[in-house]
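Welcome! Please take a look at the structure below, and then we will walk through a few of its details together.

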Amino acid sequence: MKESSEPPFSDVFGLSSISRNIHIFWIKNRIWTRWTRFSETAVTLPIDTFVSLAKNVFEVIETAGTDLDTHTVSWSDLAQRFTLDAVGTSTIGHNFDAIRTESPFVRDYNAFMRDVASPLYLVFPSLEQLWPRTKVASLMENLISGFEQALREKVENPGDDIMTYMVRHPEMSAKELRDNMATLFLAGHDTTSAAISSLVYFLAVNQSVQVRVRAEVISVLGPDAEPSQSTLSPQSLPYLHASIREVLRINPPASYVSPRISPLGIDLGNYYIPPQTPTIFNIYAVHHNDAIWGDPGVFRPERFLEEQSVHSKATLIPFSSGPRQCPAQNFALYEMRTMAVMLVREYEWVLPEPSIHADGIKNAFSPFALTLPCDLDITFRRRARASS
Ligand code: HEM
């Protein structure tokens, strides 16, 4: 890390200040016009990019195993590579080509995320001062150099992406640019891959839902037509939309939001939170509240199609809520829908036997409170394309 004043790992990549920078930057400079291309009403979403990346994923699936039609792959790994290429190409403007190649940058990122998550150092961050972890520090240096290199390329080769717009801004310091790139990379990558892994898992263990999603997709798009923004809308594919909502409810990729401190005391009726108390908003707890959902442990997309549906903006909050909610939620939802539409027409899938997930989904430990399905293998069987 270049700036010696920054704490080494207590605030990895300076996340809290970075997202504030992005927020202020977007509002001040009307980058919203740029960002709204990812919203429901936007003119263009990078669906064609998602489609072409999904095809790259299929190429990898096809090369796994020796059987011609049945392939078992590490889906959690593949999903992560897919979302990395999606966020790289669309928002950072840097193609990692992670699906097909072993990028050193991606290798360092994964090693860093694994090593930085040592529970001992998370519980006692001051250990970093006493016994600094040189390997983790060197991985972090590599990552930061990677971001700086990507930024230099961006200055020389501007593109049609958010980083290009930020690079052009005269008041953005090199550190702000680098930190914003890291935020987009982190926030846009593991979250969506967790969601796509969970989606594929819940459709594997709920075959009737997989069959119904497939029937809906084929009835709207036929067996081959490439998806577009209109055919992927929630109105076109209501059951797929409900299934994705149910996945984001039952296994929310961000289980809680980062801590906040209110300068004022907050009176909640039964409870009083004194001023300056760090508080965490627990998304997982809201999504699993018996009083709201009745049967929160059951995967049941139909709950979102029922007339008396219990969900609302206050009860279904995978992207948080209020002014700091995820600005890229529609980007992520369309990315998920594209992958789902492409997959259900191409393959049927199940959990392999044995599977560590046979008795329920197992999430990996994450220092960032992400709900990442752990080592999820999936067995895909190619479908005959003409049938439904
Ligand atoms: C299913 C996928 C995703 C989920 C569940 C998700 C969830 C969230 C949540 C809960 C927050 C609030 C965090 C907090 O307040 O501590 C957030 C913020 C954010 N997300 Fe996402 N996100 C997803 C995808 C993405 C993608 C694809 C991008 C970028 C391409 C992105 C960019 C951001 C940014 C920049 C913020 C910070 C906004 C701010 O502080 O004002 N997210 N996201």
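In which kind of crossing, left-handed or right-handed, does α3 pass α16? The crossing of α3 past α16 is right-handed, a term for a near helix turned clockwise from the far one by less than a right angle, with anticlockwise being left-handed. This is a predicted model, in which local features need pLDDT of at least 70, side-chain atom pairs count only at pLDDT 80 or more, and totals for chains, interfaces and linings use all residues. Residues are numbered from 1 along each chain as its sequence is written.

**The helix pair**
- Helix α3 (residues 47–62) and helix α16 (residues 329–346) pack at about 45°, and their axes are 9 Å apart.
- That angle makes α3 oblique to α16 (under 35 degrees is roughly parallel, over 145 roughly antiparallel, 65 to 115 roughly perpendicular, and the rest oblique).
- Among the residues making the contact are Phe 50 and Phe 58 of α3 and Met 339 and Met 342 of α16 (contact means C-beta atoms, placed from the backbone, within 7 Å).

- Asp 97 is not a glycine, yet its phi is positive, about 50°.
- Asp 97 is partly exposed, because 16 other C-beta atoms lie within 10 Å (20 or more would be buried, 12 or fewer exposed, and in between is partly exposed, with C-beta atoms placed from the backbone).
- Ser 320 also has a positive phi, near 70°.
- Ser 320 counts as partly exposed, because it has 17 C-beta neighbours inside 10 Å.

**A cis bond**
- The peptide bond from Glu 353 to Pro 354 is cis, with omega near -5°.

Note on methods:
Axes are lines fitted to C-alpha atoms, for helices over the stretch in contact, and angles run from 0 to 180 degrees between N-to-C directions. Helices (H or I, at least four residues) and strands (E, at least two) are DSSP runs, numbered from the N terminus. Two residues are in contact if their C-beta atoms, placed from the backbone, lie within 7 Å.
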